[in-house]
Amino acid sequence: MDLHEDARSQQDDLAQLRRELHREPEIGLDLPRTQERVLRELDGLGLEISTGTDTTSVTAVLRGEGAARDSAQPRTVLLRADMDALPVQEATGLDFAAANGAMHACGHDLHTTSLVGAARLLHTHRDRINGDVVLMFQPGEEGWDGAGVMLKEGVLDAAGQRVDTAYGLHVFSSMLPSGQFASRPGTLMSASHKLLVTVHGEGGHGSMPHRAKDPISAAAAMITALQTMITRRLDIFDPAVLTVGVIRGGTKRNVIPATAEFEATVRCFSDDTAALLDTTIRETIDGAARANGVTADVVFENEYPVTVTDADETAFGAEVVRETIGEQYYTDLPNPVAGSEDFSRVLAAVPGTFLGLGALMPGLEPHTAPNNHSPYADFDPSVLSRAATVYAELAVRRLDRFAEGALR
């Protein structure tokens, strides 16, 4: 099977599909137009398709017909693509830019398109596929825990038996050269946590702060103290990042309000540090509150766990890229990435790996190009055929290895 050659013949069609998906981004767990388009693209491929009950997910099962397929209990591989966009006003100036206040600023339109391409490749060569493939088209990755919802809906058992291994990939508009794949065994991406703080003071006149209890200055003290806490209470070799992205309080410059609020994202790379953060964040905020004569309500919630890849599956993924795309197109990441992924829930349930893929636009530099989530982020569509190839090859070759008794 020359899947890469077949994928290259799809490149123009895939690029057009990506443009159409990009033009109509949808946010969260409810993506009706995106779901409709995916279903249309999968129609006629002989797949067993189901849709979500609590989300507009699409799960498609391809039954391989290879001679080595064990029909009594076939082995199963899962391939995942996320489909949702972000609440970002696009500023790329593309002729297919979104105009509805949302944007595929993280490249999920490329993920969806690539998995559609892989579905076509697998359909064409299903007589050589020695097992079953579950295609997981997932809404709600951007903070909605769509993977968790799909796990509850039974995506891992969609083929009639638990999937044996799972693979996903993610494009990047910066950091990596276009077409370059990368991953690492073990800890790949951080856990994410949500921090919400409401500071309760006493309102008053801005000219007489001693007659009030200022929640804004107290919130500022808390934010500064939290940054110091990160550098003084945590192990430098097991780090964390805390970024305040929202702060609210007040209605007029000469009025001290009664309350102020701030919200932060917190990232770390181990369960031990996550537990320590829960304690030390509360202690730090409480200390700053008492020093400023106010009180504070603190919500610290775990969102996504650490993304941990299986060492054997990661080595296998690297091998697939090197043999099908080229030796020079795979690199080992020296360090984990501080972004987070709900695909971590899938990898916590079954062994697998997650690959990064550079989609840097021509003429840009990896370390200065607009990065994922930027309103200026753009992605090189030429990587679509490579991504489709690697998705399909991961499934085909892994099922071959199962048939041969290799790996596990």
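1. Basis. The model is predicted, and residues are numbered from 1 along each chain as its sequence is written; local features need pLDDT of at least 70 and side-chain atom pairs count only at pLDDT 80 or more, while totals for chains, interfaces and linings use all residues. Side-chain values use heavy atoms, with hydrogens and water left out. Helices (H or I, at least four residues) and strands (E, at least two) are DSSP runs numbered from the N terminus.

2. Helix H3. This helix covers residues 108-124. At 1.5 Å a residue its 17 residues should span 24 Å, and the end C-alpha atoms are 25 Å apart, which agrees. The expected span is 1.5 Å times one less than the number of residues. Of the 17 residues, 15 are buried, so H3 is largely enclosed by the rest of the structure. Buried means under 20% relative accessible area, exposed over 50%, and partly exposed in between (1.4 Å probe, protein chains only).

3. H1 against H9. Helix H1 is residues 3-23 and helix H9 is residues 384-404; their axes come within 7 Å and cross at roughly 130°. That makes H1 oblique to H9. Axes are lines fitted to C-alpha atoms, for helices over the stretch in contact, and angles run from 0 to 180 degrees between N-to-C directions. Angles under 35 degrees count as roughly parallel, over 145 as roughly antiparallel, 65 to 115 as roughly perpendicular, and the rest as oblique. The crossing of H1 and H9 is right-handed; a crossing has that hand if the near helix is turned clockwise from the far one by less than a right angle, and is left-handed if anticlockwise. On the H1 side the contact includes Leu3, His4, Ala7 and Arg8, and on the H9 side Leu384, Ser385, Arg386 and Ala388. Contact means heavy atoms within 4.5 Å. By class, the contact of H1 with H9 has eight nonpolar, four polar and four charged residues. Ala, Val, Leu, Ile, Met, Phe, Trp, Tyr, Cys and Pro count as nonpolar, Asp, Glu, Lys and Arg as charged, and the others, Gly among them, as polar.

4. H1 against H3. The axes of H1 and H3 come within 9 Å and cross at roughly 140°. H1 is therefore oblique to H3. This crossing, too, is right-handed. Among the H1 residues that meet H3 are Asp6, Gln10, Asp13, Leu17 and Leu21, and their partners in H3 include Asp109, Thr112, Val116 and Arg120. The residues of the contact of H1 with H3 divide into eight nonpolar, five polar and five charged.

5. H3 against H9. For H3 and H9 the axes come within 8 Å, with a crossing angle of roughly 55°. H3 is thus oblique to H9, and H3 passes H9 in a right-handed crossing. Leu110, His111, Ser114 and Ala118 are among the H3 residues in this contact, and Leu384, Ala387, Tyr391 and Ala395 are among those of H9. The contact of H3 with H9 has 12 nonpolar, five polar and no charged residues.

6. His111 and Ser114. Both residues are found in H3. His111 has 0% relative accessibility and counts as buried. Not counting residues up to four places away in sequence, His111 touches Ala81, Asp82, Cys106, Leu169, His170, Val171 and Tyr391. Ser114 is also buried, at a relative accessible area of 1%. With neighbours within four places in sequence left aside, Ser114 is in contact with Leu384, Ala387, Ala388 and Tyr391.

7. Positive phi. Met175 is a residue other than glycine with a positive phi, near 75°. Met175 sits in the loop between strand E5 (165-172) and strand E6 (181-183), and at 43% relative accessibility is partly exposed. His373, likewise not a glycine, has a positive phi of about 85°. The place of His373 is the loop between strand E16 (352-358) and H9; with a relative accessible area of 38%, His373 is partly exposed.

8. Ile256. This residue is found in strand E11 (residues 255-256) and is buried, with a relative accessible area of 8%. Residues up to four places away in sequence aside, Ile256 touches Glu202, Gly203, Gly204, His205, Gly206, Pro209, Ala212, Asp214 and Pro215. Ile256 and Arg80 are 176 residues apart in sequence and 50 Å apart in space, C-alpha to C-alpha.
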